[in-house]
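Here's a quick tour of the packing in this one, helix by helix and ring by ring. Keep the viewer open as you read.

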Amino acid sequence: MKEFTDEQLIEMHKKGDHTVFEVIYARYKNMIRSLARGLFLVGGDNEDLMQEGVLGLLNAVNTFNGATSFSTYAYTCIKNSMLTAVNSAQSKRNTPLNTSVPIATQTDEFLNLYLDPEDEIIGKESERELMQKITQGLSLFESTVLKLFLEGLSYVEIGEKLNKTAKSIDNALQRIKRKISNILA
């Protein structure tokens, strides 16, 4: 496959041979890496930028029309994909996600405020009442997702246990957060 030009590989890819993308990726991996090094992604790392670069390369392969050289077009698509991710992460609408603290950490800090035994007992009763309100406000699926999330499982692991997609788990956790916020308000 190394003897083929980028344009030939792209034609093969567009005709359904998606294995050639690995060859294209191998050719442009260093470009993606160098572009990722020059950027900073809030709440992410270099690997996240690399993934955005790969998506940009895939977009370049799928939308290339031959008007310019592929390397120039790929560079532009990769860079735009990474810049979009950086700008999106920095936007004000993502501030709650970028500054959020896991539920378990907030609960632990809340419980550590109690110093004497009487306050601790009252605190545990309040925690039980709060957990009961939360549990009553959630569906069975949401309660299960919350339990597994608090046990430290990732979205993917929870999805595998419940035979759901990671996106479904993320949606459930977003609903849970909204419902808990309404309960606490």
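## Around Arg 175

Setting aside neighbours within four places in sequence, Arg 175 is in contact with Phe 141 and Glu 142. Bear in mind that this is a predicted model. Arg 175 sits in helix α10, which runs over residues 166-184.

How exposed is Arg 175? Its relative accessible area is 29%, so Arg 175 counts as partly exposed.

Let's start with the length of α3. This helix covers residues 46-63, and its 18 residues should span 26 Å at 1.5 Å a residue; the C-alpha atoms at its ends are 25 Å apart, which agrees.

Which residues of α3 are buried? They are Leu 49, Met 50, Gly 53, Gly 56, Leu 57, Ala 60 and Val 61. These residues take up an arc of only 140 degrees around the axis, so they lie on the same side of α3. What do they pack against? The buried residues of α3 meet α1 (6-14), α2 (20-37) and α4 (70-90). On the face turned away from that buried side you'll find the exposed residues Glu 47, Gln 51 and Leu 55.

## Helix α1

In α1, the buried residues are Asp 6, Leu 9, Ile 10 and His 13. Their arc around the axis is only 100 degrees, which puts them on the same side of α1. The cover over these buried residues includes α2, α3 and α4. After α1 comes Gly 16, with a positive phi near 110 degrees.

In soluble globular proteins, nonpolar side chains tend to be buried together. Here the largest nonpolar core has 21 residues, and those with the most contacts inside it are Ile 24, Leu 57, Phe 70, Ala 74, Ile 78 and Met 82. Two or more residues come from each of α1, α2, α3 and α4. Which element gives the largest share of this core? That would be α2, with seven residues.

Take Ala 74 as an example: beyond its neighbours within four places in sequence, Ala 74 is in contact with Tyr 28, Leu 57 and Ala 60. There is also a second, separate core of 12 residues, with Val 145, Ile 169, Leu 173 and Ile 176 among them.

## Aromatic pairs

How many aromatic pairs turn up in the whole structure? The search finds four. One of them joins Phe 64 and Tyr 73, a tilted pair at 5.8 Å centre to centre with 55 degrees between the planes. Phe 64 has 9% relative accessibility, under the 20% cut-off, so this residue counts as buried. Tyr 73, at 25%, is partly exposed.

Phe 149 and Tyr 155 pair edge-to-face: their centres are 6.3 Å apart and the planes are 65 degrees apart. Phe 149 is partly exposed at 25% relative accessible area, and Tyr 155 is partly exposed at 27%.

Finally, Phe 64 and Tyr 73 belong to one aromatic cluster together with Tyr 28 and Phe 70.

Terms used:
Residues numbered from 1 in each chain as written. Predicted model: local features only at pLDDT ≥ 70, side-chain atom pairs only at ≥ 80, totals over all residues. Heavy atoms only, no water. Helix = DSSP H or I, 4+ residues; strand = E, 2+ residues; numbered from the N terminus. Expected span 1.5 Å × (residues − 1). Buried < 20%, exposed > 50% of the residue type's maximum accessible area, 1.4 Å probe, protein only. Arc of directions from axis to C-beta. Contact = heavy atoms within 4.5 Å. Phe/Tyr/Trp six-rings, centres within 6.5 Å; stacked < 30°, edge-to-face > 60°. Core = buried A, V, L, I, M, F, W, Y, C linked by side-chain atoms within 4.5 Å.
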